[in-house]
Amino acid sequence: MFQTTAYSGSLKEQYEFLSRQLDALLEGETDFTANLSNASALLNQFLNDTNWVGFYIWKEDQLVLGPFQGLPACVRIASGKGVCGTAAAERKTQRIADVHAFPGHIACDAASNSEIVVPMVKDGELIGVLDIDSPLKDRFTEEDQQGLELFVETLVNRL
(Lines give C-alpha, C1' and ligand atoms only; values in the text may rest on other atoms or scores of the structure.)
Protein backbone atom coordinates (compact mmCIF):
# COMPACT_ATOMS: atom_id res chain seq x y z
CA MET A 1 0.00 0.00 0.00
CA PHE A 2 1.28 3.46 -0.90
CA GLN A 3 1.26 6.23 1.67
CA THR A 4 1.95 9.92 1.11
CA THR A 5 5.50 10.73 2.14
CA ALA A 6 6.89 13.85 3.74
CA TYR A 7 9.94 14.71 1.67
CA SER A 8 12.93 16.29 3.40
CA GLY A 9 16.46 17.34 2.61
CA SER A 10 17.66 19.36 -0.35
CA LEU A 11 15.57 19.43 -3.51
CA LYS A 12 18.15 17.17 -5.16
CA GLU A 13 17.82 14.66 -2.31
CA GLN A 14 14.03 14.82 -2.56
CA TYR A 15 14.11 14.05 -6.29
CA GLU A 16 16.56 11.19 -5.70
CA PHE A 17 14.18 9.74 -3.08
CA LEU A 18 11.24 10.25 -5.46
CA SER A 19 13.05 8.31 -8.19
CA ARG A 20 13.78 5.48 -5.75
CA GLN A 21 10.09 5.47 -4.80
CA LEU A 22 9.15 5.24 -8.48
CA ASP A 23 11.57 2.39 -9.06
CA ALA A 24 10.11 0.45 -6.13
CA LEU A 25 6.55 1.26 -7.18
CA LEU A 26 7.09 -0.11 -10.69
CA GLU A 27 9.11 -3.17 -9.72
CA GLY A 28 7.61 -6.30 -11.24
CA GLU A 29 4.98 -4.45 -13.29
CA THR A 30 5.39 -4.48 -17.07
CA ASP A 31 2.19 -2.80 -18.23
CA PHE A 32 3.07 0.46 -19.98
CA THR A 33 -0.18 2.28 -19.16
CA ALA A 34 -0.23 1.18 -15.53
CA ASN A 35 3.34 2.33 -15.02
CA LEU A 36 2.72 5.74 -16.60
CA SER A 37 -0.45 6.12 -14.55
CA ASN A 38 1.36 5.47 -11.29
CA ALA A 39 4.27 7.70 -12.33
CA SER A 40 1.93 10.63 -13.02
CA ALA A 41 0.11 10.10 -9.71
CA LEU A 42 3.40 9.91 -7.79
CA LEU A 43 4.69 13.10 -9.38
CA ASN A 44 1.39 14.87 -8.80
CA GLN A 45 1.52 14.17 -5.06
CA PHE A 46 5.19 15.21 -4.89
CA LEU A 47 5.10 18.48 -6.80
CA ASN A 48 3.54 21.69 -5.56
CA ASP A 49 2.27 24.61 -7.61
CA THR A 50 1.40 22.48 -10.64
CA ASN A 51 -1.92 22.09 -12.43
CA TRP A 52 -1.14 19.28 -14.91
CA VAL A 53 1.23 16.31 -14.72
CA GLY A 54 1.20 13.62 -17.36
CA PHE A 55 2.47 11.90 -20.43
CA TYR A 56 2.12 12.08 -24.16
CA ILE A 57 3.01 8.89 -26.05
CA TRP A 58 4.78 8.91 -29.42
CA LYS A 59 2.49 7.13 -31.92
CA GLU A 60 2.31 7.40 -35.70
CA ASP A 61 4.68 10.40 -35.83
CA GLN A 62 2.76 12.45 -33.27
CA LEU A 63 2.25 12.73 -29.53
CA VAL A 64 -0.98 11.21 -28.21
CA LEU A 65 -2.38 11.91 -24.76
CA GLY A 66 -1.47 9.30 -22.17
CA PRO A 67 -2.04 8.94 -18.42
CA PHE A 68 -2.21 12.24 -16.54
CA GLN A 69 -3.43 14.14 -13.50
CA GLY A 70 -5.29 17.38 -14.18
CA LEU A 71 -7.95 18.90 -16.39
CA PRO A 72 -8.82 17.35 -19.77
CA ALA A 73 -6.04 18.02 -22.25
CA CYS A 74 -5.18 18.24 -25.92
CA VAL A 75 -5.28 14.75 -27.41
CA ARG A 76 -2.78 15.00 -30.29
CA ILE A 77 0.29 17.18 -30.74
CA ALA A 78 2.35 17.24 -33.92
CA SER A 79 6.12 16.94 -33.76
CA GLY A 80 7.66 20.41 -33.46
CA LYS A 81 4.40 22.05 -32.31
CA GLY A 82 4.15 23.70 -28.91
CA VAL A 83 6.42 22.90 -26.00
CA CYS A 84 5.70 19.14 -26.07
CA GLY A 85 6.18 18.82 -29.82
CA THR A 86 9.43 20.80 -29.62
CA ALA A 87 10.77 18.54 -26.85
CA ALA A 88 9.85 15.51 -28.98
CA ALA A 89 11.42 16.87 -32.16
CA GLU A 90 14.62 18.02 -30.46
CA ARG A 91 14.73 15.21 -27.88
CA LYS A 92 15.75 17.89 -25.42
CA THR A 93 14.08 19.05 -22.21
CA GLN A 94 12.13 22.27 -22.62
CA ARG A 95 11.91 24.42 -19.47
CA ILE A 96 9.70 27.39 -20.25
CA ALA A 97 9.40 30.21 -17.70
CA ASP A 98 6.49 31.91 -19.52
CA VAL A 99 4.50 29.75 -21.94
CA HIS A 100 2.76 32.83 -23.36
CA ALA A 101 6.12 33.97 -24.75
CA PHE A 102 6.82 30.57 -26.37
CA PRO A 103 6.16 30.73 -30.14
CA GLY A 104 3.34 28.34 -31.05
CA HIS A 105 2.45 27.44 -27.48
CA ILE A 106 -0.60 25.16 -27.35
CA ALA A 107 -2.86 26.29 -24.51
CA CYS A 108 -4.77 23.28 -23.19
CA ASP A 109 -5.36 24.92 -19.79
CA ALA A 110 -5.64 28.72 -19.69
CA ALA A 111 -4.34 28.69 -16.10
CA SER A 112 -0.90 27.40 -17.16
CA ASN A 113 1.91 29.95 -17.16
CA SER A 114 5.07 27.83 -17.11
CA GLU A 115 5.90 24.34 -18.33
CA ILE A 116 8.60 21.71 -18.37
CA VAL A 117 8.66 18.83 -20.85
CA VAL A 118 11.16 15.97 -20.63
CA PRO A 119 11.51 13.60 -23.60
CA MET A 120 11.40 9.86 -22.89
CA VAL A 121 13.93 7.99 -25.01
CA LYS A 122 14.57 4.25 -24.84
CA ASP A 123 17.21 2.46 -26.91
CA GLY A 124 17.62 5.60 -29.00
CA GLU A 125 13.89 5.82 -29.84
CA LEU A 126 11.46 8.47 -28.66
CA ILE A 127 8.60 6.84 -26.73
CA GLY A 128 6.92 9.97 -25.38
CA VAL A 129 7.28 13.00 -23.15
CA LEU A 130 6.61 13.92 -19.54
CA ASP A 131 4.70 17.21 -19.46
CA ILE A 132 4.18 19.34 -16.35
CA ASP A 133 2.36 22.68 -16.24
CA SER A 134 2.19 25.29 -13.50
CA PRO A 135 -0.03 28.31 -12.93
CA LEU A 136 3.11 30.15 -11.69
CA LYS A 137 5.52 31.83 -14.07
CA ASP A 138 9.08 30.52 -13.84
CA ARG A 139 7.99 27.62 -11.59
CA PHE A 140 10.66 25.14 -12.73
CA THR A 141 14.32 25.51 -11.79
CA GLU A 142 17.48 23.88 -13.13
CA GLU A 143 17.31 21.61 -10.07
CA ASP A 144 13.74 20.61 -10.98
CA GLN A 145 14.91 19.86 -14.51
CA GLN A 146 17.72 17.61 -13.29
CA GLY A 147 15.39 15.85 -10.85
CA LEU A 148 12.70 15.29 -13.47
CA GLU A 149 15.25 14.01 -15.96
CA LEU A 150 16.37 11.48 -13.31
CA PHE A 151 12.71 10.56 -12.73
CA VAL A 152 12.20 9.97 -16.48
CA GLU A 153 15.41 7.93 -16.71
CA THR A 154 14.19 5.75 -13.84
CA LEU A 155 10.79 5.37 -15.50
CA VAL A 156 12.17 4.53 -18.94
CA ASN A 157 14.37 1.82 -17.41
CA ARG A 158 11.16 0.14 -16.14
CA LEU A 159 9.18 0.44 -19.39
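This is a predicted model: local features need pLDDT of at least 70, side-chain atom pairs count only at pLDDT 80 or more; totals for chains, interfaces and linings use all residues.
Strand S1 covers residues 52-59, and strand S2 covers residues 62-70. The two run antiparallel and are joined by 7 bridges. Within this pair, Gly54 stands opposite Phe68 of S2. S1 and S2 form a hairpin, with 2 residues between them. Glu60 lies in the turn and has a positive phi of about 50 degrees.

S2 also pairs with strand S3, residues 76-78. This pairing is antiparallel and runs over 3 bridges. Val64 has Arg76 in S3 as its bridge partner. Gln62 stands opposite Ala78, again in S3. The link from S2 to S3 is a hairpin through 5 residues.

Helix H3 spans residues 82-90.

How much of H3 is buried? The count is 7 of its 9 residues, so H3 is largely enclosed by the rest of the structure. The buried residues are Gly82, Val83, Cys84, Gly85, Thr86, Ala87 and Ala88. Their cover includes S1, S2 and S3. It also includes strand S4 (94-96), strand S5 (114-122) and strand S6 (125-134). Arg91 follows H3 and has a positive phi, near 50 degrees.

The remaining contacts described here are between helices. Two packed helices are described by the angle between their axes and the distance between the axes. Helix H1 (residues 11-26) and helix H2 (residues 32-46) pack at an angle of about 150 degrees. Their axes are 10 Å apart. Angles over 145 degrees count as roughly antiparallel, and H1 and H2 are therefore roughly antiparallel to each other. The crossing of H1 past H2 is right-handed. On the H1 side, the contact is made by Gln14, Tyr15, Leu18, Gln21, Leu22, Leu25 and Leu26. H2 contributes Asn35, Asn38, Ala39, Leu42, Leu43, Gln45 and Phe46. By class, the contact of H1 with H2 has 9 nonpolar and 5 polar residues, with no charged residues.

H1 also packs with H4, at an angle of about 15 degrees. Here the axes lie 9 Å apart. That angle makes H1 roughly parallel to H4. H1 passes H4 in a right-handed crossing. The H1 residues in contact are Leu11, Lys12, Tyr15, Glu16, Leu18, Ser19, Leu22, Asp23 and Leu26. From H4 come Glu143, Asp144, Gly147, Leu148, Leu150, Phe151, Thr154, Leu155 and Arg158. The contact of H1 with H4 has 9 nonpolar, 3 polar and 6 charged residues.

Key: Residues are numbered from 1 along each chain as its sequence is written. Side-chain values use heavy atoms; hydrogens and water are left out. Two strands pair if DSSP finds at least two bridges between them. Helices (H or I, at least four residues) and strands (E, at least two) are DSSP runs, numbered from the N terminus. Axes are lines fitted to C-alpha atoms, for helices over the stretch in contact, and angles run from 0 to 180 degrees between N-to-C directions. Angles under 35 degrees count as roughly parallel, over 145 as roughly antiparallel, 65 to 115 as roughly perpendicular and the rest as oblique. A crossing is left-handed if the near helix is turned anticlockwise from the far one by less than a right angle, and right-handed if clockwise. Contact means heavy atoms within 4.5 Å. Ala, Val, Leu, Ile, Met, Phe, Trp, Tyr, Cys and Pro count as nonpolar, Asp, Glu, Lys and Arg as charged, and the others, Gly among them, as polar. Buried means under 20% relative accessible area, exposed over 50%, partly exposed in between (1.4 Å probe, protein chains only).
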